[in-house]
Amino acid sequence: MAVIVVWVCEAVKVWQLAVVASRMIGWITLLLTQEFNFANNLHIWDTLLSDPDGPQETLLRVCCAMLILIRRRLLAGDFTSNLKLLQNYPPISIRHLLYVANNAVISWASVLIWVHS
């Protein structure tokens, strides 16, 4: 019985992670245009396009920084409130977001550790 409960809990975590990942895909495909106003988007796009290594890695770091900045709210919330939070990202300082993104070292191992902690 305990094994089944653990398996169900892990399956729910994986499903919730998939929902977060699908929301990040929405952020990425629209280049964050629905999460921030135009002036803030210009600042983000300027950062993306000025990266000598290309915009893909920077965009991933920005999306991960968005999750890092609301981490406590995500961990405290249930699935419904987290989905609403991700769909209506709260106002934040773009400078702080880009600071966190620039200082983030993203690897899938660190993302998985972050999700399970």
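Modeller: A residue is called buried when its relative accessible area is under 20%, exposed when that area is over 50%, and partly exposed in between, using a 1.4 Å probe and protein chains only. Thr 47 counts as buried because its relative accessibility is 18%.

Some ground rules come before the rest. This is a predicted model, in which local features need pLDDT of at least 70 and side-chain atom pairs count only at pLDDT 80 or more, while totals for chains, interfaces and linings use all residues. Residues are numbered from 1 along each chain as its sequence is written, and side-chain values use heavy atoms, with hydrogens and water left out.

The protein has seven helices and zero strands; here helices (H or I, at least four residues) and strands (E, at least two) are DSSP runs, numbered from the N terminus. Of the 117 residues in the protein, 32% are buried.

Helix 3 covers residues 55–69, which is 15 residues, and spans 21 Å from its first C-alpha to its last. That is close to the 21 Å expected at 1.5 Å a residue, where the expected span is 1.5 Å times one less than the number of residues. The buried residues of helix 3 are Thr 58, Leu 59, Arg 61, Val 62, Cys 63, Cys 64, Ala 65, Met 66 and Leu 67.

The largest nonpolar core has 21 residues. Such a core is a set of buried Ala, Val, Leu, Ile, Met, Phe, Trp, Tyr and Cys residues joined through side-chain atoms within 4.5 Å. Helix 2 (38–50), helix 3, helix 5 (79–87) and helix 6 (94–103) each supply at least two residues of this core, and the largest share, six residues, comes from helix 3. Val 62 and Met 66 are among the residues with the most contacts inside the core, as are Trp 27, Leu 32, Phe 36, Ile 44 and Leu 97.

A contact means heavy atoms within 4.5 Å. Thr 47 is found in helix 2, and, leaving aside its neighbours within four places in sequence, Thr 47 is in contact with Thr 58 and Leu 98. Val 100 lies in helix 6 and counts as buried at 15% relative accessibility. Not counting residues up to four places away in sequence, Val 100 touches Ala 65, Ile 68 and Leu 69. The C-alpha atoms of Val 100 and Arg 61 are separated by 8.4 Å, although these residues are 39 apart along the chain.

Next come the cysteines. The structure holds zero disulfides, a disulfide being a pair of cysteine sulfur atoms within 2.5 Å. Cys 63 is in no disulfide, and the nearest cysteine sulfur, that of Cys 64, is 7.0 Å away. Cys 63 is buried, with a relative accessible area of 0%. Cys 64 is likewise in no disulfide, with the sulfur of Cys 63 the nearest, 7.0 Å away; Cys 64 counts as buried at 8% relative accessibility.

Met 66 leads on to Phe 36. Apart from residues up to four places away in sequence, Phe 36 touches Asn 41, Ile 44, Met 66, Tyr 89, Ile 92, Ile 94 and Leu 97. Phe 36 is buried, with a relative accessible area of 9%. A search of the whole structure finds two aromatic pairs. The rings of Phe 36 and Tyr 89 have their centres 6.0 Å apart and their planes at 70°, so this pair is edge-to-face. Phe 36 lies in the loop between helix 1 (2–29) and helix 2, and Tyr 89 in the loop between helix 5 and helix 6, so the pair ties together parts that are 53 residues apart in sequence. Rings of Phe, Tyr and Trp (its six-membered ring) pair if their centres lie within 6.5 Å; planes under 30 degrees apart count as stacked, over 60 as edge-to-face and the rest as tilted.

Last, confidence: pLDDT is the predictor's confidence in each residue, from 0 to 100. The protein averages a pLDDT of 76, and 67% of the residues score at least 70. Confidence is highest in helix 6, at a mean of 92, and lowest in helix 7 (residues 108–116), at 49. Over residues 1–9 the pLDDT is below 50, and this stretch has zero contacts in the model beyond near neighbours in sequence.
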